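This report describes helix packing, the nonpolar core and selected residues of one structure. The sequence and the model are shown first.

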Amino acid sequence: MKIDLDSMQAAADYASELLKVLANRHRLMILCMLMEGEKSVGQLVELLGVRDSTVSQNLATLRRCGLISGRRDGQMIWYHVESSPARGVLESLYSSLCEPQRQQPKAKTFTAPLSMWSTAALRA
């Protein structure tokens, strides 16, 4: 079996960009809420407890990247997850970290291992 390096690089580029978009707390929380079903900006603001400008800016980024789309119903726009790869990543994250029956890891669990991926280390 021969590996097609061009295809692998293209897939790695796409995955890298997807993960960059997901690496924002607000965007990740918005996507998690949208995994449960369509939501409006107002609903997302209420559920997440953040300003509507924060939600709107992050929704714009997610739309621009093709991860979500909206459906207009009169004055209201209902957003939903459009991207299958994003849905797969979110489902994996949910089953690994968020399922109610799993004990939530403490924040410090992730701090030490992630510190080794500092900007300086990545440039080396």
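Helices α2 and α4 are roughly perpendicular to each other, a label that applies to angles of 65 to 115 degrees. Their axes cross at roughly 80 degrees and come within 10 Å. Axes are lines fitted to C-alpha atoms, for helices over the stretch in contact, and angles run from 0 to 180 degrees between N-to-C directions. The model is a predicted one, in which local features need pLDDT of at least 70, side-chain atom pairs count only at pLDDT 80 or more, and totals for chains, interfaces and linings use all residues. Residues are numbered from 1 along each chain as its sequence is written, and side-chain values use heavy atoms, with hydrogens and water left out.

**Helix packing**

On the α2 side of this pair, His26, Arg27, Ile30 and Leu31 meet Thr54, Val55, Asn58, Leu59, Thr61 and Leu62 of α4, where contact means heavy atoms within 4.5 Å. By class, that contact comprises five nonpolar, four polar and one charged residue. Here Ala, Val, Leu, Ile, Met, Phe, Trp, Tyr, Cys and Pro count as nonpolar, Asp, Glu, Lys and Arg as charged, and the others, Gly among them, as polar.

Helix α2 (residues 25–35) also packs against α5 (residues 84–98), at an angle of about 95 degrees and with the axes 11 Å apart. This makes α2 roughly perpendicular to α5. Leu28, Leu31, Cys32 and Met35 in α2 meet Arg87, Leu90, Glu91 and Leu93 in α5. The contact has six nonpolar, no polar and two charged residues.

| Helix pair | Angle between axes | Axis distance |
|---|---|---|
| α2 and α4 | roughly 80 degrees | within 10 Å |
| α2 and α5 | about 95 degrees | 11 Å |

**Chain and core**

The protein chain has seven helices and two strands, arranged along the sequence as α-α-α-α-β-β-α-α-α. Helices (H or I, at least four residues) and strands (E, at least two) are DSSP runs, numbered from the N terminus. Of the 124 residues, 23% count as buried, that is, under 20% relative accessible area, with exposed meaning over 50% and partly exposed in between (1.4 Å probe, protein chains only).

The largest nonpolar core has 20 residues, and Ile30, Leu31 and Leu67 have the most contacts inside it. Such a core is a set of buried Ala, Val, Leu, Ile, Met, Phe, Trp, Tyr and Cys residues joined through side-chain atoms within 4.5 Å. The largest share of this core, four residues, comes from α2. Apart from residues up to four places away in sequence, Ile30 touches Leu44, Leu48, Val55, Asn58, Leu59 and Leu62.

**Selected residues**

Ser83 lies in the loop between β2 (76–81) and α5, and counts as buried because its relative accessibility is 6%. Its side chain reaches the backbone nitrogen of Ala86 at 3.1 Å. Leaving aside neighbours within four places in sequence, Ser83 is in contact with Tyr14, Gly66 and Leu67.

Val89, in helix α5, is partly exposed at 24% relative accessibility. Val89 touches Leu18 and Leu22, not counting residues up to four places away in sequence. Val89 and Leu19 are 70 residues apart in sequence but 9.0 Å apart in space, C-alpha to C-alpha.

Glu17 belongs to helix α1 and, at 44% relative accessibility, counts as partly exposed. Glu17 and Cys65 are separated by 48 residues in sequence and by 9.0 Å in space, C-alpha to C-alpha.

Terms used
Parallel < 35°, antiparallel > 145°, perpendicular 65-115°, else oblique. Polar contact = N/O pair within 3.5 Å; in protein donor to acceptor, adjacent residues only side chain to side chain.
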